[in-house]
Amino acid sequence: MTSLAPSRRSATTAEPPAPARRRADRTPYVLIAPSLVVLLGVLAYPLVKVVILSTQKWGVAQIFSASSAPTFVGLDNYTKLLGDSAFWTVLLRTVVLTVAMVGLSMGLGLGIALLMRQVPAWCRRGMTFALVMAWSVPTFISTEVFHWITEYNSGVANWALGIQPHNWYTDATQGLAVATAVVVWGAVPLIAITLYAGLMQIPSELVEAARMDGAGPWGVFRHITLPVLRSLLAMLTTLSVIWDFQVFNQIWILRNGAPSSDYYTLGIYAYVKAYAGHDYGLASATAVLTVVALLGVMVVYLRQIAKIGELS
């Protein structure tokens, strides 16, 4: 009996009292509360304002005349938008561009990450430095560089391809291809570095064992590398979809702030409707539909974050 007493006392002292456990359970929520308050303050009002505007007729009269109050039109802006064939063309173009940008970004990022694992350390450090430098370049600067590369008379691309002079922007397909290249250029560094960090979590003994069992490079990638990176790939893909679906700056800058209608994405379409057409209700409806579409992608992203947290 006496030998059991110390163990009972140690078990009792090892377990914190109930109030302490409750305080510990609340600690994460207390720590994250300030950030949530700031986010709500920054995002809540603009989002609510856009939703309200999307149900109103708001044009030039409401801008320049205080006596002209906006008229509530309910879902008329949404009906008008969904009945416009130009909107569906813009939506399809946005989806196709997003698929192309995300596919190229993820493919090149994964390829560079796999290459970084194979090269010597000095080469890997150089690649990492180059990726970070490319990532740190502001969007405006990188877009202007690509604009200079594809310049009509003296562009490097035209000189290398032997097609001087050539205008890349007369045909919207070529112009959007340049915009896609700018987006991919800016997205690949983060993807490559993140995936390389994920590759470093794969035990080398596991890879060696697979090779000893007769697995080739494709077998190792399919049965070991890909399962380990699956959650990380899903998370990066979801983030890339959210970013690329909203592409605006690259196209706007390449077209000198005046893109033709065959360059419109959803972001540019909403901007033009608001500031060129002065139809802020219709532009707000476009923004709301874009947010709704991205919310679905956001749910997938949050699920991947939760899954990664469970695996860790």
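In the classification applied here, Ala, Val, Leu, Ile, Met, Phe, Trp, Tyr, Cys and Pro count as nonpolar, Asp, Glu, Lys and Arg as charged, and the others, Gly among them, as polar. In the predicted model described below, the residues lining the largest pocket divide on this basis into 19 nonpolar, five polar and no charged.

The largest pocket has a volume of about 730 Å³. Its lining comprises 24 residues, and those closest to the centre of the pocket are Gln246, Ala287, Thr290, Val291 and Leu294. Two or more residues of this lining are given by each of helix H11 (217–245), helix H13 (266–275) and helix H14 (280–311), with H14 giving the most, at 11 residues. The second largest pocket holds about 440 Å³ of space and is lined by 14 residues, of which Leu39, Leu40, Leu43, Ala44 and Leu47 lie nearest its centre. Helix H2 (18–53) and H14 each supply at least two residues of this second lining, and here H2 gives the most, with 10 residues. By class, the lining of the second largest pocket has 14 nonpolar residues, no polar residues and no charged residues.

The unreviewed UniProt entry carries the annotation "transmembrane region" for residues 29–48, 90–116, 128–149, 176–199, 220–243 and 280–302. Two of these annotated spans may be described in the model. Residues 176–199 are 100% helix and 0% strand, and the end C-alpha atoms of this span lie 33 Å apart. Residues 280–302 are likewise 100% helix and 0% strand, with the end C-alpha atoms 32 Å apart.

Aromatic contacts were examined next. The count of aromatic pairs comes to eight. In one of them, the rings of Phe248 and Trp252 have their centres 5.3 Å apart and their planes at 15°, and the pair is therefore stacked, since planes under 30 degrees apart count as such. Phe248 has a relative accessible area of 19% and is buried, because the class takes in residues under 20%. Trp252 also pairs with Tyr271, in this case edge-to-face, with 5.0 Å from centre to centre and 70° between the planes. Because Trp252 lies in helix H12 (residues 249–254) and Tyr271 in helix H13, this pair ties together parts that are 19 residues apart in sequence. Tyr271 has a relative accessibility of 35% and so counts as partly exposed. Phe248, Trp252, Tyr271, Tyr275 and Tyr280 together form one aromatic cluster. A contact of another kind involves Arg255, which lies over the face of Tyr263 at 5.2 Å from the ring centre.

Ile253 is placed in helix H12 and, at 16% relative accessibility, counts as buried. The C-alpha atoms of Ile253 and Glu144 are 7.5 Å apart in space, although the two residues are 109 residues apart in sequence. Asn256 is situated in the loop between H12 and H13, where it has a positive phi of about 55° although it is not a glycine. Ser260 lies in the loop between H12 and H13 and, at 35% relative accessibility, counts as partly exposed. Between Ser260 and Ala172 the C-alpha to C-alpha distance is 8.7 Å, and the separation in sequence is 88 residues.

A further loop position is that of Asn153, which is found between helix H7 (139–149) and helix H8 (156–161). The relative accessibility of Asn153 is 48%, so this residue counts as partly exposed. Asn153 and Ile163 are 10 residues apart in sequence, and their C-alpha atoms are 9.7 Å apart in space.

How values were computed: Residues numbered from 1 in each chain as written. Predicted model: local features only at pLDDT ≥ 70, side-chain atom pairs only at ≥ 80, totals over all residues. Heavy atoms only, no water. 1 Å grid on protein atoms, 1.4 Å probe; cavity = no way out; pocket = protein on both sides within 12 Å on 5 of 7 lines; lining within 4 Å. Points joined across faces, edges and corners; volume = space filled by probe spheres on them. Helix = DSSP H or I, 4+ residues; strand = E, 2+ residues; numbered from the N terminus. UniProt positions renumbered as here; feature names shortened; annotations may be inferred. Phe/Tyr/Trp six-rings, centres within 6.5 Å; stacked < 30°, edge-to-face > 60°. Buried < 20%, exposed > 50% of the residue type's maximum accessible area, 1.4 Å probe, protein only. Lys NZ or Arg CZ within 6 Å of the ring centre and 35° of its normal.
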